[in-house]
Amino acid sequence: MAIAASPSPPSFSPSASFCCSRTDPSCFASFPSISRPYPLTRRIFISSRLNSSIFSAAAGGFGSPDNGDVQYELQHGFSLERRNTGSAVFVTLPLDAVSPAGQVRRRKAMSQSFRALAAAGVEGVVIEVWWGLVETDVPCSYNWKGYLEIVAMARRYGLKVRAVFTFNQNGMGPDDPHWIPLPKWVLEEINKDPDLAYSDRFGRRNMECITLGCDTLPVLRGRSPIQAYADFMRNFRDTFRPYLGAIVTGIQVGMGPGGELRYPSSPPQKLAWAWRSRELGEFQCYDKYMLASLNACAQNVGMREWGNGGPIGASNLMNNPEQSEFFRGDDGSWNTPYGEFFLRWYSEMLLLHGERLCKEAETIFRGIEVNLSAKLAGIHWHYGTKSHPSELTAGYYNTSIRDGYLPIARMFGRYRFTICCSCFEMKDVAEKQMNPVSSPEGFLRQLLMAARVCDVPLEGENSALGLDDDSFQQVVKMSRVYTDGLEKPSFSFNFVRMDKNMFEYSNWVRFTRFVRQMSDASKLFRAKLDPGSNRGLSSATDITTSRLALVYH
């Protein structure tokens, strides 16, 4: 185990001589430095319709987008032509939209849902593309059938699609109704080498995703994890090429548990309520690959004893950080030369992992007009403390005296990635009643300012399924923290997620009102028939949403 501090620590400048700094990555013997060839510029996206001949084979028998739109316009009395003002709203599809067999579930209900979303002025849908469902049994054998059908269905109703590559498991085990494990062949390799999974100081393995410590090592039947992720993205590009840029306009690259760039510091069953239990999290640095890197860095600064493991006194058993030797106030070990060494190494490893994936995705989709993005976790439940322990264990070196999100925003900016983050509906006043040191608004404002400084576009999300007016108004408020004052703000919102409650009448009315507010326009569509036709639209939409509320379970 590492010691919390040294009796006579050597003097060193983290910015100059620390082995894991951005300018001197020599301690990462297995991980070569990544070049940053692109200037910080904002990409301009132009979407256009494709004619039906392009989709004759790939669309699975659906009609052309233009013919479908004309028929829909005549039936409902409005045009699907959307204004380009304001912020677009997307809706995330159910977790089980595609079955383990690769089939679209509740196909008829899905089609009706898309029709209703288009009528409400929603820009498009977000679909999680699960590694464990696509490349299930053997390496490099991909089944995209269900996802192709979803994309074709979205095209039929004039909706855009954002694809989220999820290289992690979902759920807490086979008994979970939404259980989606890693690919079988990956789990077989983890069984052979348990150190492919993250481990905490108690030896507890986390199977949500592969440890980033072996990113570039050929541990997956001759391929490295980064190569496996890249092959997955490359095959998606080749399979969905006819749709890219026109229908599939966004791709989010999963970078860790929950698809987020972070360590699995808290198990998923605890993370859902972490801000209420004040979960500190555990440092995930005890698999042999992470320990090898830590040990090399410690030797490089002449402090071998610092390379034996994570900090002593960072116990998660004590949920009050002030009772923790490492996390407490000003005199905690986090604010010592050892603490700075460890936290810089830990966070730099995470940044390096994200940069590798950014580089691969940018190369694979270069020249294709899709917006690349990555997601950060909204960890706010110790934001009011000095050490921010739950952020530190997740890999975000953000404290009361150090901005940990600016380096992340800069890294994404170099590769022209958009940052996605949740917590947009959360209010400090409500959270502080349960946890006085929580501050979702404080966390979010810091991240939004970092994105603005680095000229990085933003995608917002809600953390919980809130369909009340207060939640929607909070989203509008926080989105304007980012957009106000920008000449050409680039902000959109992913509503998480579509279910039966969304289509209940009162909820649906609130949701459509929210979409109009985000659009910053009094009307989303151009009327094509007589003014009275809107009454038919309202009636038809009411009937559709009423039926949908009964279908989703």
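## Ground rules

The model is predicted, and local features need pLDDT of at least 70, side-chain atom pairs count only at pLDDT 80 or more, and totals for chains, interfaces and linings use all residues. Residues are numbered from 1 along each chain as its sequence is written, and side-chain values use heavy atoms, with hydrogens and water left out.

## The barrel

Eight strands form a closed barrel with parallel pairing, in the order S1-S2-S3-S6-S7-S8-S9-S10. Strands (E, at least two residues) and helices (H or I, at least four) are DSSP runs, numbered from the N terminus. Two strands pair if DSSP finds at least two bridges between them. From one strand to the next, the twist averages 30°. Axes here are lines fitted to C-alpha atoms, for helices over the stretch in contact, and angles run from 0 to 180 degrees between N-to-C directions.

Strand S1 (residues 88-92) pairs with strand S10 (residues 491-495) in the parallel sense, over four bridges. Val91 has Phe495 in S10 as its bridge partner. Helix H18 packs on the sheet and touches S1 and S10. The direction of H18 makes about 145° with that of S1. Contact means heavy atoms within 4.5 Å.

Is strand S7 (residues 371-376) enclosed or open? Six of its six residues are buried, so S7 is largely enclosed by the rest of the structure. Buried means under 20% relative accessible area, exposed over 50%, and partly exposed in between (1.4 Å probe, protein chains only). Asn371, Ser373 and Lys375 are buried on one side of S7, and Leu372, Ala374 and Leu376 on the other.

## The nonpolar core

The largest nonpolar core has 150 residues. Such a core is a set of buried Ala, Val, Leu, Ile, Met, Phe, Trp, Tyr and Cys residues joined through side-chain atoms within 4.5 Å. Trp131, Phe365, Phe412 and Phe511 have the most contacts inside this core. Helix H12 (residues 337-364) gives the core its largest share, 13 residues.

What does Phe365 touch, leaving aside its neighbours within four places in sequence? Its contacts are Phe165, Met233, Phe236, Arg237, Leu244, Ile251, Val370 and Leu372.

## Two crossing helices

Two packed helices are described by the angle between their axes and the distance between the axes. Helix H4 (residues 107-120) and helix H18 (residues 505-519) have axes that come within 10 Å and cross at roughly 50°. H4 and H18 are therefore oblique to each other. The cut-offs are under 35 degrees for roughly parallel, over 145 for roughly antiparallel, 65 to 115 for roughly perpendicular, and oblique for the rest.

Ala116, Leu117 and Ala120 in H4 meet Trp508, Thr512 and Val515 in H18. Five of the residues in this contact are nonpolar, one is polar and none is charged. Ala, Val, Leu, Ile, Met, Phe, Trp, Tyr, Cys and Pro count as nonpolar, Asp, Glu, Lys and Arg as charged, and the others, Gly among them, as polar.

## Backbone exceptions

Most residues other than glycine have a negative phi, and most peptide bonds are trans. The bond from Val496 to Arg497 is cis, with omega near -5°. Arg497 lies in the loop between S10 and H18.

Arg221 has a positive phi, near 55°. Arg221 sits in the loop between strand S5 (205-210) and helix H8 (225-239), and counts as partly exposed at 41% relative accessibility. Arg416 also has a positive phi, near 55°. Its loop runs between helix H14 (406-414) and strand S8 (418-421). At 26% relative accessibility, Arg416 counts as partly exposed.
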